[in-house]
Amino acid sequence: MKKEFESDVTLHLMRISSDVEHIKEDMSEVRSHLATMNGRVRQNEKDISWIKGIGSTFIFVISSIIAWLGIDK
């Protein structure tokens, strides 16, 4: 009886060990993918900031022109 219990425990521990290794591999893949996604997000944030800057400058120029035309009359 004791031998069966020990072999069952050993079998369960081997399964758990296998599962833990599989989880570690999956986590490594997830971390790698997360790093890639963070890089893409960072680049998108830079692009959005650049577009916002250009848009703000464009609005300022248009507003200045409209104000100048209004003052001229």
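Trainee: What share of the 73 residues in the protein is buried?
Mentor: Buried residues come to 0% of the 73. Keep in mind that this is a predicted model.

Trainee: How many helices and strands does the protein have?
Mentor: One helix and zero strands. The radius of gyration is 31 Å, well over the 11 Å that the globule rule gives for 73 residues, so the protein is more spread out than a compact globule.

Trainee: What box do the C-alpha atoms fill?
Mentor: Roughly 105 × 15 × 5 Å, taken along the principal axes.

Trainee: Switching to charges. How many salt bridges does the structure hold?
Mentor: One. K24 pairs with E21, and their closest N and O atoms are 3.9 Å apart. The cut-off is 4 Å, so that pair counts.

Trainee: Where do K24 and E21 sit in helix α1?
Mentor: They are three residues apart in helix α1, which covers residues 2–72, so about one helical turn separates them.

Trainee: And is K24 buried or exposed?
Mentor: K24 is exposed, at 52% relative accessibility. E21 is partly exposed, at 40%.

Trainee: What about the surface, which residues form a nonpolar patch?
Mentor: F58, I59, F60, V61, I62, I65, I66, W68 and L69, with about 950 Å² of accessible area together. F60 lies in helix α1 and is exposed, at 59% relative accessibility.

Note on methods: Residues numbered from 1 in each chain as written. Predicted model: local features only at pLDDT ≥ 70, side-chain atom pairs only at ≥ 80, totals over all residues. Heavy atoms only, no water. Salt bridge = Lys/Arg side-chain N within 4 Å of Asp/Glu carboxyl O. Helix = DSSP H or I, 4+ residues; strand = E, 2+ residues; numbered from the N terminus. Buried < 20%, exposed > 50% of the residue type's maximum accessible area, 1.4 Å probe, protein only. Patch = residues over 30% accessible without salt bridge, like charges linked within 9 Å, V, L, I, M, F, W, Y side chains within 5 Å. Areas by Shrake-Rupley, 256 points an atom, 1.4 Å probe, with all protein chains shown as cover. Rg over C-alpha atoms; globule rule 2.2 N^0.38 Å.
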